[in-house]
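Let's take a friendly walk through this model, starting with its strands and ending with its pockets.

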Amino acid sequence: MKIIPATTDHLPILVPLFEEYRTFYRQEADAEAAHTFLQTRMNQKESAIFIAVADQTCAGFTQLYPIFSSLGMNRRWLLNDLYVSHDFRNMGIGTLLLEAAKDWGRATGAGALVLETEVTNVGAQRLYEKNGWKRDVGFFWYHFKL
């Protein structure tokens, strides 16, 4: 199992997993739109994507977006997506992807990594906490759908 930065060359193996991730979160499948979305993020360098590759198969991925903290006066990375294919779960891939995200954050001089997950996704919460992530109890996240 290798964790590598994704490039547009990896789109044929990444898009199906990205679609699996999106349908896991109750989104409608649209492989063409997913391909365009990921390709645009890569081409415009708007995110960092790392993939877990085993035998030409994408077993998992994480995608991070840059954000900034006025109070910390630094860059942070929003770990927006983390997903491991059902066939590859409980093999430590989630931990490897989280480590790649931490390494990326350090390498880019970020002050922190942040993420959010559904309150019902207890498996992900266990993974994050096992890997040293702390649940924020001092702030609430709010959303305003446009």
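## Strand pairing

Seven bridges link β2 to β3 in an antiparallel arrangement, with alanine 52 opposite glycine 60 in β3. Strands here are DSSP E runs of at least two residues, and helices are H or I runs of at least four, numbered from the N terminus; two strands pair if DSSP finds at least two bridges between them. The two strands make a hairpin with two residues between them, and aspartate 55 in the turn has a positive phi of about 50 degrees.

β2 also runs antiparallel to β1 (residues 2-5), joined by four bridges. Here proline 5 stands opposite phenylalanine 50 in β2.

This is a predicted model: local features need pLDDT of at least 70, side-chain atom pairs count only at pLDDT 80 or more, and totals for chains, interfaces and linings use all residues. Residues are numbered from 1 along each chain as its sequence is written, and side-chain values use heavy atoms, leaving out hydrogens and water.

## The largest pocket

Which residues lie nearest the centre of the largest pocket? They are Val114, Leu115, Lys134, Asp136 and Trp141, among 26 lining residues. β3 (57-69), β5 (112-114) and α4 (122-130) each supply at least two residues of this lining.

A pocket is an open set of points on a 1 Å grid over the protein atoms alone where a 1.4 Å probe fits, with protein on both sides within 12 Å along at least five of seven lines; lining residues have an atom within 4 Å of a point.
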